[in-house]
Amino acid sequence: MIFDIEQIYEEGLDFEVLEPKERFSVDSSDCVLTEDVKVQGKLERSGPDILCKGSLETGLSVTCTRCLCDFSFVVKGQLKVHFIPRVENNKPAHEIELTELDVEQEFYEEGQIDLSSPVRDLILLSLPQVILCRQDCAGLCPECGINLNENKCDCKNEGSYDPRLAVLQKLKDKLK
Ligand SMILES: [Zn+2]
Ligand SMILES: [Zn+2]
């Protein structure tokens, strides 16, 4: 997702790219990128700076925090990045005033800007802290580890449950 800033003329540069999912290394135990990442937007110059505004769409496979099932999650987000030239000793060439809080700030060097890391950040930030397969996900039984969305059990379910403990319990039961 690299653009030469020389390609960005006075009137800006419209772009639309479909970037292979492998490029983003979003691949953890509870979140895997399953679709290529579609990004479209516009690059504009502002003095030495480059402004990028656009939108992003892709798909993830994520794990429900409560019941640990995997399900697909569509990511749609607005991308706003302010690229400033990097000079020596990693300091920005000038101070910028951020007027909008949701604008990400990045450096660029050698006349090229790279959207990969802001795009990756946006994908990860779009995930809620608690990911639920559905709002009323019943989770796993803390006693026997059964998925309460699909089955009922005879355990006394009191108070809150911790799916990690339930998983441990499941493992213990397997070892018996
Ligand atoms: Zn769930
Ligand atoms: Zn149970």
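Analyst: Gladly! Let's begin with a term: two residues are in contact if their C-beta atoms, placed from the backbone, lie within 7 Å. This is a predicted model, so local features need pLDDT of at least 70 and side-chain atom pairs count only at pLDDT 80 or more, while totals for chains, interfaces and linings use all residues. Residues are numbered from 1 along each chain as its sequence is written, and chains are lettered from A and ligands numbered from 1 in the order in which they are written.

User: Which residues is leucine 56 in contact with, leaving aside its neighbours within four places in sequence?

Analyst: By that cut-off, leucine 56 is in contact with Val37, Lys38, Val39, Gly77, Leu79, Val119 and Leu122.

User: What makes a set of residues a nonpolar core, and which members of the largest one touch the most others?

Analyst: A nonpolar core is a set of buried Ala, Val, Leu, Ile, Met, Phe, Trp, Tyr and Cys residues joined through C-beta atoms within 7 Å. Buried, in turn, asks for 20 or more other C-beta atoms within 10 Å of a residue's own; 12 or fewer makes it exposed, and anything in between partly exposed, with C-beta atoms placed from the backbone. The largest core has 20 residues, of which Val39, Cys52, Leu56, Leu79 and Val119 touch the most other members. Strand 5 (37-46), strand 6 (49-63), strand 7 (70-85) and helix 1 (116-125) each supply at least two of its residues, and strand 6 gives the most, with 5. A second, separate core of 6 residues includes Cys64, Cys67, Cys141 and Ala166.

User: Why are the buried residues of helix 1 said to be on the same side?

Analyst: Those residues are Pro118, Val119, Leu122 and Ile123. They cover an arc of only 140° around the axis, so they fall on the same side of helix 1; the arc is that of the directions from the helix axis to the C-beta atoms. These buried residues pack against strand 5, strand 6, strand 7 and strand 8 (104-108).

User: What makes strand 6 and strand 7 a pair?

Analyst: Two strands pair if DSSP finds at least two bridges between them. Strand 6 and strand 7 have 14 bridges, in the antiparallel sense, so they qualify as a pair. One of the bridges joins leucine 51 to histidine 82 in strand 7. Strand 5 and strand 6 also pair in the antiparallel sense, over 9 bridges, with lysine 38 opposite glutamate 57 in strand 6.

Key
Helices (H or I, at least four residues) and strands (E, at least two) are DSSP runs, numbered from the N terminus.
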